[in-house]
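Start with the sequence and structure shown here.

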Amino acid sequence: MSQPPLTHRLSSLITADQAVSNLRRYFSTGLLHEAVPFTGSRFEHLAGGGDRQAVANVVTADDLIAVQTLSVRVPTQIALDLLEGELGVRLSKLLSSVPFDIDMVEAEAADLAKGSSADTAWRILCDRPGIGWVTAGKLLARKRPRLLPVYDQVVRCVLGRPKSFWLDLHGALRADNHALHRELMALRQSADLPETVSVLRICDVVLWMHHRTDHQQRNCIGS
């Protein structure tokens, strides 16, 4: 049986020699005290996280600041609508149907497929002016860091522009008795990172750090 899309590519990058050092550099673990971590190292943990039970189904001001650590910004009018308006009400209703306490590898494909609550929330955000697919995905990843991945132009480029990233990644994580998921957990441990850093975030950082410089210097297909 052939492996699902992305499996080989992801495994080769995760097991690359520089994966651990890139994680440590990003999160500033095991480095000199003078080393400054990337701002994105605070994305999941800022203010206790966006998936903690008290706020798991609502977008908060802390969430809007958290996405800024990943170099995107929600336009002010949309931010106000998320915090105080109808958009926030609609998103909250959808989030209440999206599991917050399972990893992507434990989810069913239906939880991520077109028409699911997560997909509908992503599409509603994408439809708002000034948001776009990257910011929409990062905001949802803040609310469901174990289930929904951060995904941007750099990661899309390094993976060859997969047709359906959520479903392709889900298939890759579940293949071969969850081998890729276990590799990511081992990588997290090797980099001395806490379990509160999600497996999906480990994957994202490894991919992003691998390609970010080349992506900036070249006219990449993923731009």
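Helices here are DSSP runs of H or I, at least four residues long, numbered from the N terminus. The model is a predicted one.

Helix H2 spans residues 18-27. Now look back along the helix. Its buried residues are Ala19, Asn22, Leu23, Tyr26 and Phe27. Viewed down the axis of H2, they fall within an arc of 115°, so they line one face of the helix. An α-helix has 3.6 residues a turn, so residues three or four places apart point the same way.

Next, the aromatic rings. The structure contains six aromatic pairs. In one of them, the ring centres of Tyr26 and Trp208 are 6.1 Å apart, with the planes at 80°. Plane angles over 60 degrees count as edge-to-face, so this pair is edge-to-face. It links distant parts of the chain: Tyr26 sits in helix H2 and Trp208 in helix H10 (residues 199-217), 182 residues apart. Tyr26 is buried, at 5% relative accessible area. Trp208 is partly exposed, at 21%.

A second pair joins Trp133 and Tyr151. Their ring centres lie 5.5 Å apart and their planes meet at 55°, so the pair is tilted. Trp133 belongs to helix H7 (residues 132-143), while Tyr151 is in the loop between H7 and helix H8 (153-158); the pair therefore ties together parts 18 residues apart in sequence. Trp133 is partly exposed, at 25% relative accessible area, whereas Tyr151 is buried, at 12%.

Finally, return to Tyr26. Ring pairs link Tyr26, Phe27, Phe38 and Trp208 into a cluster.

Technical notes: Residues numbered from 1 in each chain as written. Predicted model: local features only at pLDDT ≥ 70, side-chain atom pairs only at ≥ 80, totals over all residues. Heavy atoms only, no water. Buried < 20%, exposed > 50% of the residue type's maximum accessible area, 1.4 Å probe, protein only. Helix = DSSP H or I, 4+ residues; strand = E, 2+ residues; numbered from the N terminus. Arc of directions from axis to C-beta. Phe/Tyr/Trp six-rings, centres within 6.5 Å; stacked < 30°, edge-to-face > 60°.
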